[in-house]
Amino acid sequence: MPLRVTVLYCGACGYKPKYERLRAELEKRFPGALEMRGQGTQEVTGWFEVTVGSRLVHSKKNGDGFVDTDAKLQRIMAAIQAALP
């Protein structure tokens with residue numbers, strides 16, 4: 001069964017392309033292993049929250065910013081790797 005990775009992002013802020021880039025990168029690195037779900041908010045929230053399984057692993061609202069560095073991407077990938085069977 002694929003591992004669910006959910007990204008809650010600010011749809012009103014235009015963050016969908018950022019989600020799409022992250023989704024494409026993770027699906028490339030973990031082919032067939034992930035169930036990616038993106039949900040954009042209709043109101044302005046500034047959110048870009050990444051949850052692996054049931055664990056929040058990246059939170060823009062808590063100070064992580066966007067997934068815009070290799071270190072941030074590596075942290076998310078490590079959480080995915082740890083959650084995979």
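**Exercise 1.** In this predicted model, determine the handedness of the disulfide of Cys10 and Cys13 from the torsion about its S-S bond.

*Solution.* Next, take the torsion about the S-S bond, which is about 65°, so the disulfide is right-handed.

**Exercise 2.** Work out which parts of the chain are linked by the salt bridge of Glu35 and Arg4.

*Solution.* The closest N and O atoms of Glu35 and Arg4 are 3.4 Å apart, and the two residues form a salt bridge. Glu35 belongs to strand E2 (residues 34-40) and Arg4 to strand E1 (residues 3-9), so that the pair, 31 residues apart, links distant parts of the chain. Glu35 is partly exposed, with a relative accessible area of 27%, and Arg4 is partly exposed as well, with 36%. To complete the picture, Arg4 and Glu35 are linked with Arg37 in a network of salt bridges.

**Exercise 3.** Decide whether Ser59 is buried or exposed, and find the partner of its side chain in a polar contact.

*Solution.* Ser59 is found in strand E4, which covers residues 55-59. Its relative accessibility is 3%, and because buried means under 20%, Ser59 counts as buried. The side chain of Ser59 is joined to that of Glu49 by a polar contact of 2.4 Å.

Note on methods:
Residues numbered from 1 in each chain as written. Predicted model: local features only at pLDDT ≥ 70, side-chain atom pairs only at ≥ 80, totals over all residues. Heavy atoms only, no water. Helix = DSSP H or I, 4+ residues; strand = E, 2+ residues; numbered from the N terminus. Buried < 20%, exposed > 50% of the residue type's maximum accessible area, 1.4 Å probe, protein only. Polar contact = N/O pair within 3.5 Å; in protein donor to acceptor, adjacent residues only side chain to side chain. Disulfide = S-S within 2.5 Å. Salt bridge = Lys/Arg side-chain N within 4 Å of Asp/Glu carboxyl O.
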